[in-house]
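Me: I have a two-part request. Take me through the packing, then the surface and the charged pairs. Keep it brisk.

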Amino acid sequence: MRTRLRLIPTTFIMLTSLWGIPETANAQIVQATTSIEGLTCPFCSFGAQKRLKKVGGVKDVKVDVNLGLATLFAGQGQSIDVQQIPDAVKKAGFVPDDIRVVAIGMVQDNSGQLYLQLRGQEQGLLLADADPTTSEKLRGFAGSGVEIEVTGAWNSASGGNSFQITPGGIQLL
Amino acid sequence: MQKFFQGRSSRLGLSFLSAAVIMSATSFDPVRAQVTTNNALPIGQGQKLIRVQAIYLKAADGSREFEELSFPFVLGYGVTNKLALFAIVPFLDRELEADGRRRGEFGLGDIQFLARYTVFQKNEKGRTFRVAPIVALKVPTGDDDETDGLGRLPQPLQLGSGSFDPSIGLVITRQTLKDSLSASLGYQFNTKANDFEFGDQATLDLAYKYRLFPKTLKSGFLFVGLESNLSWQDRNRVVGSVDANSGGTLLFLSPSVQYINQRFTLEGAIQIPVVQDLGGNALEPDIRLIIGGQINF
């Protein structure tokens, strides 16, 4: 049974690797959408698409010039290396802005802290500072063995390996 | 610009083709999102493009007729997200008819190498403003010693100048999803070869284009535009003496159309002379037609 839960993104959720390993290297990111500033014509967008296709784990990229967005799709069983996206956009001659991702994993509770156990990975992404409603719904999945899909904004914290996802929705798989 | 004068090789009444004609054929702006005007839009790191145009130029009066068909191939490469390099490889077919005789040649002209570097940019969603200086060097790869049955072709009819000619320029572009405005300023320093020195040339190009179709911004964009091309050229020097029948000012207005999608562009323009203030008995251009396209890879 598939259930779609829509959450109002009122706070950021902090995601951090529990084992000190940069979580983006193992993040089960199946889709990422980045805003691109300075993108004004289709011919120019080719360079952005070409660079973004080289991002780790990416199989395909679609660019929407009208909306100034590029959507990256992961290959089968692969995870997009989101950390590479801003540099790819810059090398194409544009300016990266917000990134939204779709991540898949199982919610676990580790001494009261929620994290997203990634599919086929030992590492996880720590969920922290969630708003009460979001935390309650996520805690309901903790330890259930049920995989969920989380969408939200991805924002690299300065100088560190932690990332924030603002939940735009949680979906059971 | 085209200029003719009765010079040293006019024993049979033939006229020289002006330096301006050669300039118009080989001083080719490398990356024109507009058809006749440079722009400062980005070429990403590692990105390549090929551009080719077919340019037809005609100038005639009662006794003289000049025609030129040129095919400049432009190869562009993004070294970094700010630095782009270009090579312009022109193939020329030019012919002059005067006093009942036809003279001309076809082949490779002088290749020009250019570097463009973005020094300022301001970007927002669906909008960009960029400024980029350009430096270039035209090298004498074209034949400058062609002959026919009448002897050596006059220097302005040769495919190449025989000289290394540097130039500098500046391009500014403001582009949105709806329209685009570009300005390109350039100056070419012409040096001497074969006792002939073409006059230095300054150019100012302006281009505005407006997106017509599709309004939903799916697939490619269709633009209509209006461009202006102003050029001034100093007088030529022949064996150290100033040629009074050379140099001058030309202004073209150029309506244009462009189709642009992610992989290629197609374009066309008609350059119509509206101001012609040329030296001496220079032959004034009648019209110039341009079609072309470019591809990304």
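Me: Which residues does Leu52(A) touch, not counting those up to four places away in sequence?
Reply: This is a predicted model: local features need pLDDT of at least 70, side-chain atom pairs count only at pLDDT 80 or more, and totals for chains, interfaces and linings use all residues. Residues are numbered from 1 along each chain as written, chains are lettered from A and ligands numbered from 1 in written order, and side-chain values use heavy atoms without hydrogens or water. Contact means heavy atoms within 4.5 Å. The partners of Leu52(A) are Thr34(A), Ile36(A), Val58(A), Val61(A), Ala70(A), Leu72(A), Ile85(A), Ala88(A) and Val89(A).

Me: How many residues does the largest nonpolar core have?
Reply: A nonpolar core is a set of buried Ala, Val, Leu, Ile, Met, Phe, Trp, Tyr and Cys residues joined through side-chain atoms within 4.5 Å. Buried means under 20% relative accessible area, exposed over 50%, partly exposed in between (1.4 Å probe, protein chains only). Leu52(A), Ile80(A) and Ile85(A) have the most contacts inside the largest core. Its residue count is 52.

Me: How many residues are in the second, separate core?
Reply: Leu57(B), Leu96(B), Leu153(B) and Leu157(B) are among its members. The count for this core is 7.

Me: How many residues of helix α1 of chain A are buried?
Reply: Helices (H or I, at least four residues) and strands (E, at least two) are DSSP runs, numbered from the N terminus. Helix α1 of chain A spans residues 42-52 and is mostly covered. Its buried residues include Phe43(A), Phe46(A), Arg51(A) and Leu52(A).

Me: Which exposed residues sit on the face of α3(A) turned away from its buried side?
Reply: Helix α3 of chain A (residues 132-139) has Thr134(A), Ser135(A) and Leu138(A) as its buried residues. They cover an arc of only 100° around the axis, so they lie on the same side of α3(A). That arc is taken from the directions from the helix axis to the C-beta atoms. The face turned away carries Pro132(A) and Glu136(A).

Me: What share of the residues of chain B is buried?
Reply: Chain B has 1 helix and 20 strands. In chain B, 62% of the contacts with a separation of 6 or more join residues 24 or more positions apart. Of its 297 residues, the buried share is 54%.

Me: Which residues does Gly268(B) contact, leaving aside neighbours within four places in sequence?
Reply: Gly268(B) belongs to strand β19 of chain B, residues 264-278. Its relative accessible area is 13%, so Gly268(B) is buried. Its contacts are Val35(B), Pro255(B), Ser256(B), Val257(B), Ile290(B) and Ile291(B).

Me: Which elements give two or more residues to the nonpolar patch?
Reply: Patches are made of residues with over 30% relative accessible area and no salt bridge: like charges are joined within 9 Å, nonpolar side chains (Val, Leu, Ile, Met, Phe, Trp, Tyr) within 5 Å. Accessible areas come from the Shrake-Rupley method with a 1.4 Å probe; for residues, only the protein chains shown count as cover. The nonpolar patch covers about 810 Å² and includes Tyr117(B), Phe129(B), Leu170(B) and Leu206(B). The elements are β10 (165-176) and β14 (201-213) of chain B.

Me: Why does Leu206(B) count as partly exposed?
Reply: Leu206(B) is placed in strand β14 of chain B. Leu206(B) counts as partly exposed because its relative accessibility is 39%.

Me: What is the phi of Asp99(B)?
Reply: Asp99(B) lies in the loop between β3 (83-98) and β4 (101-108) of chain B. Asp99(B) is partly exposed, at 47% relative accessibility. Although Asp99(B) is not a glycine, its phi is positive, at about 55°.

Me: How many residues apart in sequence are the parts tied together by Asp148(B) and Arg103(B)?
Reply: A salt bridge is a side-chain nitrogen of Lys or Arg within 4 Å of a carboxyl oxygen of Asp or Glu. Asp148(B) and Arg103(B) form one at 2.8 Å, N to O. Asp148(B) lies in strand β8 (residues 147-148) of chain B and Arg103(B) in strand β4 of chain B, so the pair ties together parts whose separation in sequence is 45 residues.
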